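User: I would like a close look at one part of this model. Please keep it brisk and give the cut-offs as you go.

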Amino acid sequence: MRKVALMFLLALTYSAAHAETYEYLVFTTSAGDIAMKAEGMKMTFSDGCLVAANGDETRSFALSDLSKFCFSNETTGVKTVSAGQGTEIVDVYTLSGQKLGRFPYGAGAVLPLPQGTYIVRSDGTAKTIVVK
């Protein structure tokens with residue numbers, strides 16, 4: 001029994017040390033993959049939800065909607081969208097659907113947003129952007 005417990009502790013220690021080399025923790029939900037920076041990540045469970053916070057952002061995932069989460073060095077499933085040629089006014093939302101405001105967006109435009117993943121909506125179409 002002691003041998004099994006020692007092997008488990010060694011495996012757990014190796015896993016914890018190995019996980020520190022990954023930059024992101026990617027959560028897979030029915031809405032797709034959502035990546036958060038892993039550094040400083042704290043996870044708690046409250047009212048049937050997993051709450052993940054890393055100092056920059058806090059997200060809540062219903063356990064019934066969360067299929068898996070894993071460490072990664074890439075923000076999988078999300079591509080950075082380049083701006084079009086003209087300038088237009090767009091609505092910007094968080095991934096949870098909260099509207100952040102209206103902003104000019106086009107060639108060379110910089111959205112005044114902190115790092116994260118957002119939904120940009122204009123002319124009936126929506127795109128996902130990543131602010132790094």
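Through how many residues does a hairpin join β1 to β2?

Analyst: The hairpin joins β1 to β2 through 2 residues. Some ground rules come before the detail. This is a predicted model, in which local features need pLDDT of at least 70 and side-chain atom pairs count only at pLDDT 80 or more, while totals for chains, interfaces and linings use all residues. Residues are numbered from 1 along each chain as its sequence is written, and side-chain values use heavy atoms, with hydrogens and water left out.

Start with the strand itself. β1 covers residues 24–29. Strands here are DSSP runs of E with at least two residues, and helices are runs of H or I with at least four; both are numbered from the N terminus. 6 of the 6 residues of β1 are buried, so the strand is largely enclosed by the rest of the structure. Buried means under 20% relative accessible area, exposed means over 50%, and partly exposed lies in between, with a 1.4 Å probe and protein chains only. Tyr24, Val26 and Thr28 point one way from β1. Leu25, Phe27 and Thr29 point the other way. Both sets are buried.

Now the partners. Two strands pair if DSSP finds at least two bridges between them. Strands of a sheet pair through backbone hydrogen bonds, either parallel or antiparallel. β1 pairs with β2 (residues 32–37) in the antiparallel sense over 6 bridges. Within that pairing, phenylalanine 27 has isoleucine 34 of β2 as its bridge partner. β1 is also joined to β6 (residues 66–72) by 6 bridges, and these two run antiparallel. Tyrosine 24 has serine 72 of β6 as its bridge partner. For valine 26, the partner in β6 is cysteine 70.

Put together, the order is β2-β1-β6, an open sheet of 3 strands with antiparallel pairing. β2 and β6 are the edge strands, each pairing on one side only. Neighbouring strands of this sheet are turned by 20° against each other on average, direction ignored. Such angles run from 0 to 180 degrees between N-to-C directions, using axes fitted as lines to C-alpha atoms, for helices over the stretch in contact.

The order β3-β4-β5 gives an open sheet of 3 strands, with antiparallel pairing. Its edge strands are β3 (42–46) and β5 (58–62), each pairing on one side only. 5 bridges join β3 to β4 (residues 49–53). Phenylalanine 45 stands opposite leucine 50 in β4.
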